[in-house]
Amino acid sequence: MESVRIYEIPNCKTVSSKCGMLGEPALEEFDKWFSSLPRPMFPRDFLWFDESQGGFVWYYMHDDSLDVPDYFDIVDFPGGLYAVACDKDGDDNKEFMEAIKRFIQDNEHFVLDATRVQIGNVITPPAAQKALGYLQMDYYVPIKVV
């Protein structure tokens, strides 16, 4: 059974949290805002680590129906293909990420796409989190067809 799936995110506009660390105001305000929205069937929020700024940035896919606070930016998101797999949020995922990279290397049709960042999304609904005692995270590694 394969544990890595290929997913495509379209080019789109996203609401951006601005850069910060977990627990800091930028991300806390963003979490409060997007958590007040109806929970969609598929994820619309993605978190990534901005190496140049040394912090996390949270994105939420934008649409015209959203009431976006002025202190958040609306930015272009370069969509594309991703190799995606699930692991526990907060665990050391180095081995797990190496498995995704091996999957890509073993498949002659894809290569890593270094022009885009790796992103993640917590997929666990609140009731499941309570039952499990932890969160599950989907990890998205950007790829392209060769």
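A definition before the fold: helices (H or I, at least four residues) and strands (E, at least two) are DSSP runs, numbered from the N terminus. On that basis, the protein chain reads β-β-α-β-β-β-β-α-β-β-α-β along the sequence. That comes to three helices and nine strands.

Some ground rules. This is a predicted model: local features need pLDDT of at least 70, side-chain atom pairs count only at pLDDT 80 or more, and totals for chains, interfaces and linings use all residues. Residues are numbered from 1 along each chain as its sequence is written, and side-chain values use heavy atoms, with hydrogens and water left out.

Back to the overall fold, with its three helices and nine strands. The radius of gyration of the protein chain is 16 Å, close to the 15 Å from the globule rule for 146 residues, so the chain is as compact as a globular protein of that length. The radius is taken over C-alpha atoms, and the rule is 2.2 Å times the number of residues to the power 0.38. Along the principal axes, the C-alpha atoms fill a box of roughly 45 × 35 × 30 Å.

Now contacts, meaning heavy atoms within 4.5 Å. Take those between residues at least 6 apart in sequence: 72% join residues at least 24 apart.

Next, burial. Buried means under 20% relative accessible area, exposed over 50%, and partly exposed in between, with a 1.4 Å probe and protein chains only. Of the 146 residues in the protein chain, 37% are buried.

On to strand S2, residues 12-16. Is S2 mostly covered or mostly open? Mostly covered: four of its five residues are buried. Two strands pair if DSSP finds at least two bridges between them. S2 runs antiparallel to S5, residues 73-77, with five bridges. Here Cys 12 stands opposite Phe 77. S2 also runs antiparallel to S4, residues 55-61, with three bridges. There, Val 15 faces Tyr 60 as its opposite residue.

Asp 138 is buried, at 4% relative accessible area. What does the side chain of Asp 138 join in a polar contact? The side chain of Arg 5, at 2.5 Å. A polar contact is a pair of N or O atoms within 3.5 Å; within protein, one must be able to donate a hydrogen and the other to accept it, and residues adjacent in sequence count only if both atoms are side-chain atoms. Leaving out residues up to four places away in sequence, Asp 138 touches several others, among them Val 84, Ala 85, Cys 86 and Ile 119.
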